[in-house]
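Morning, everyone. Please bring up the structure, and we will walk through it chain by chain.

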Amino acid sequence: MASDRVFGLVVIIAALAYIAGAAQTQTSFMSDPVGSKTFPILVGSVAAVCGAVMFLRPDAGPEWPRPRALLSVAAAVAVMVAYAHGLKPLGFLIPTAVAAAILSYQITPRPAFNALAGAALSAALFVVFRYGLGLGLAPLPKGWM
Amino acid sequence: MDLLSNLALGFSIALSPTTLMLAVAGCFLGTVIGSLPGLGPSNGVAILIPLTFSLGLDATSALVLMTAVYYGAMYGGRISSILLNIPGDEPALMTTLDGYPMAKRGRAGDALVISGVASFVGAFLATIGLMLLAPVLARVAYLFGPAEYFALYLLAFSTLGGLASNNQAKAALASCIGLGIAMVGIDNATGMPRLTFGNLHLVDGVDFLVAIVGLFAVAEVFFFIESHGRNSSIGVKLEKVTVPVRDILASGWTMLRSSLVGFAAGVLPGAGASLGSFLAYMSEKSIAGEKSGFGTGAPKGVAAPEAGNNAAAGGALVPMLTLGVPGSGTTAVLLALLMTLNITPGPTLFADRPEVVWGLIASLLIANFVLLAMNVPMVRVFVRVLSVPPAVLLPGVTMVSFVGIYSLSGSYFDLLLMVGFGALGYVLRKLDVPTVPIILGILLGTHMENALRRAMVLSDGDPTYLFSSPIAAGLWIFAVAGFVAPMFLRRALRKPRAADA
Amino acid sequence: MRSPERRDFALPTDFTADEIVVDNGGGTAQPSTPTARTRSPRHDTREKNMSTTLRALAFGAVLSIGAASSATAAECIAPANPGGGWDFTCRQIGKIMHDIGAVDKPIQVTNMAGGGGGLAFGHVVNERSDDEDLIVAASQATATRLAQNAYGGMTADQVRFVGAIGADPGVIVVAADSPYRSLNDLVAAVKSNPSSISFAGGSAAGGFDHLKVLQVLKANGFDDIRSVKYIGVDGGADAITQTVGGFTTAMTGDMSEIVGFLKSGDVRALAVLTEERVPGFEDIPTAVEQGTNVVAVNWRGLYVPKNISNRAFRSWAAKLQRVADSAEWKAAMEANGLAPFTKVGDDFQNWVDGVVASTTELSKEIGVIQ
């Protein structure tokens, strides 16, 4: 119950922000009867109504994982964000090996196997992308080449 | 009749060793591309178009190769849908709904065979349909003006809502999220940026590939991590592949009906294969009724979308060849190929360039048999890629997703967006908010808005124009009924149960 | 009008094509391929999303560069998605240049859609201004948009227009069963009740297809331009479909877009907007001979970066002339409803300058720009 109520409120707030954003769209010299704002505002309004329905008539709440599992998911998000930032400056091989090993550890914690999986994945994918598909991936950080 | 002589001409071209070889190579490449999560038919065809130039192929050969890849990718898309719960491409989305539950119950092989046969039936019938009906069916496009398109898109959302969730509000919300995302970026009609909230990265909008990979691949990784590999997708193993004759025979009518529905959806410009598979699944679900187990691993639930999307792929060739109006993203890329080869698609193509059209049709017929052989007896070849331990496969899926998205845009912002969609997908699925309508919304959003705007220009802003034609009115009625009916059905079904308790 | 959002609109033109390659990496990549250059750190904050189709195609283009793995290939940027006129220009000219031996390697076509060609224009101006192996497809639409300041302040003199080798005549067509038999019928109907007549075209409102109609009406003394109903749909074929289906009264577009439909008898051309009747389509009257003095053709040509050497400029002009003279191009023109229209080198540059100036004037007159 609580989950749907909270989510319904979040949806209403987001929808209102969206409508406000849509209302600020600049109109131009030659506009049709509908214009740039109408459809987004329509969509935002329907979303807000949906949020209200969720708030007023919530379903049974889902089974949320225990805090530890949730923390583990949050850690995976963090790893991915770091990977996204690291891919360009650090080249392909090292960030990929590290990120893959961590994700692998989160699924089946066997450190030696995970490290090996990360390294192997990184190398194998590099070969496939670089030589199989011809993508111009940089293997290592710029300074090292 | 000259259909036979045309076909004879076609086969005389298609059965030449080079053409045959190209068709086989195209089928193989297409299936591999289709089965890789995130890579779909339009990427596949786009990747290979430059190849046809370096190979120095003539018009017919190039077209044969590319359409074989196209058909192959439509077949291949189901493999990771069934085994990983990640659609190999966007039209294979619906196949996850029953294919994956089937695979979880140890019937992965059966699901692959049934879907392979269904793909064959869909694609085969669509090719026949293309051959017989192309000149006639092309006229359907003339019946669809802005008001009709608007109603059609509405129908797609409302029926999807009835299908995808137990709560209409949540399904409608998902559609709105998708439509809302589609609005972000420059408004083509005025050239003004909308809803970018000052973020320059959003000026060109959100790519639906980023959303798909995030909502499906990345969210799946999160689910997997949450459960530490217990009771999640990749535990699915492909034991032995036998042919479940009974299921296939039982799904016979499903496949035929779905092919018809899918083909019709494909013929409509802009609708494409996703709508085909979706409508096919929907109508079969309603025919089979609530007790049929749709959504929990019903063989018919695998057969319907696969027959539907493969038939739609064939159907989409009809408006492309006869009107020069592509019916889908992939056919838009194929259209580019035709233009390059100095073939002008249009109403006279069938008369002016019979060797191209009939060579293509004959090749498609042959390619279908090749694909059936590859995708049923030899399906293990394509599955092997996916049968590795989860602790390797999941990080692998993540990295492929990252590199795939990164190689398309070279933008770390897209990668962050993808992770964001992953987290969103995780939360939404927890809350029973379906994610499929989000994708449909992103795909159809601008089309739907444009249809509305054009309708209002033509009618001087009179809203009644939206349902003034019989076709539009009919579509509206179905749309409203499709959205409202499940609510009452559920209530009717819930009451007796409540009385029991 | 100088709000922050307005300026944002100009920014996508800073997009760089090399963003689509992860890195050059050295080794197998070809140093001279433009897409394989190392990018500068400044791009990090400026990355832009591309349209999905473009992404798919860019991906394909990148992969093909890797696959071809050979020496210098020139690149032709088509500033739109596949299937349109710019794409046709790049692919046909590129193919013929290779076929007749004007270039050694097949010309690599890159589709770079966005901002109505502004994305590609900005890319050339900002990132590739001295690249001698680069040609970019252009047309009247390029000139129209430059004239209407639709490329975020960039101007026509920031590139060099190297030549046009064909023109797609403007046409106004109606469905075969339409009651309007001549351009004058249609104009008279608009004059008596503007809201009863609607036009469909492949360009957005204010674009060339729209302007053609407005020019015709204005030439006939109809000044209430904003009351004219026009819907911009996704390309000429779509516009015809809407017109044949009876959803709009007439279609405004290019000759190439209607050839197939003319042959099949679905549509009737009321007027072609050229000075003389078009060879191969002699039964279509010009607007001029019906008393409407409007000429509007969509020329097909190329521009090159501003700072290339004069030698390279003349070399491209000569190659283009060879394409224009080839039998293959003549056949391609005929098959696609293009009328002969060859201007190359400095001659063409002067002509474009004239067109841009007159379009600016016209756009101001009809209120599209201030």
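**A strand in chain C**

Let's start with strand β6 of chain C, residues 229-232. C:K229 and C:I231 point one way from this strand, C:Y230 and C:G232 point the other way, and all are buried. Keep in mind that this is a predicted model.

Who is the neighbour? Strand β5 of chain C, residues 198-201, runs parallel to β6(C), and 4 bridges join them. Which residue of β6(C) is the bridge partner of C:G201? The partner is C:G232. Now follow the chain from β5(C). The path goes through helix α7 of chain C, residues 208-219, and on to β6(C). This β-α-β crossover is right-handed.

Chain C has 12 helices and 10 strands. Of its 370 residues, 61% count as buried. Now take the contacts in chain C with a separation of 6 or more: 77% of them are between residues 24 or more positions apart.

Next, chains A and B. How many residues does each bring to the contact? Chain A gives 57 residues and chain B gives 52 residues. On the side of chain B that touches chain A, several elements supply at least two residues each, among them α7 (168-183), β2 (192-194) and α19 (436-458) of chain B. The largest share comes from α17(B), with 13 residues. By class, that side of chain B has 34 nonpolar, 10 polar and 8 charged residues.

Last stop, chain A. The domain assignment gives domain 1 (2-56) and domain 2 (67-144). Taken over C-alpha atoms, the centres of these two domains of chain A are 38 Å apart.

Terms used. Residues are numbered from 1 along each chain as its sequence is written. Chains are lettered from A and ligands numbered from 1 in the order in which they are written. This is a predicted model: local features need pLDDT of at least 70, side-chain atom pairs count only at pLDDT 80 or more; totals for chains, interfaces and linings use all residues. Domain bounds come from an automatic or database domain assignment. Two residues are in contact if their C-beta atoms, placed from the backbone, lie within 7 Å. Ala, Val, Leu, Ile, Met, Phe, Trp, Tyr, Cys and Pro count as nonpolar, Asp, Glu, Lys and Arg as charged, and the others, Gly among them, as polar. A residue is buried if 20 or more other C-beta atoms lie within 10 Å of its own, exposed if 12 or fewer, and partly exposed in between; C-beta atoms are placed from the backbone. Two strands pair if DSSP finds at least two bridges between them. A crossover is right-handed if, with the strands pointing away from the viewer, the path from the first strand over the helix to the second runs clockwise.
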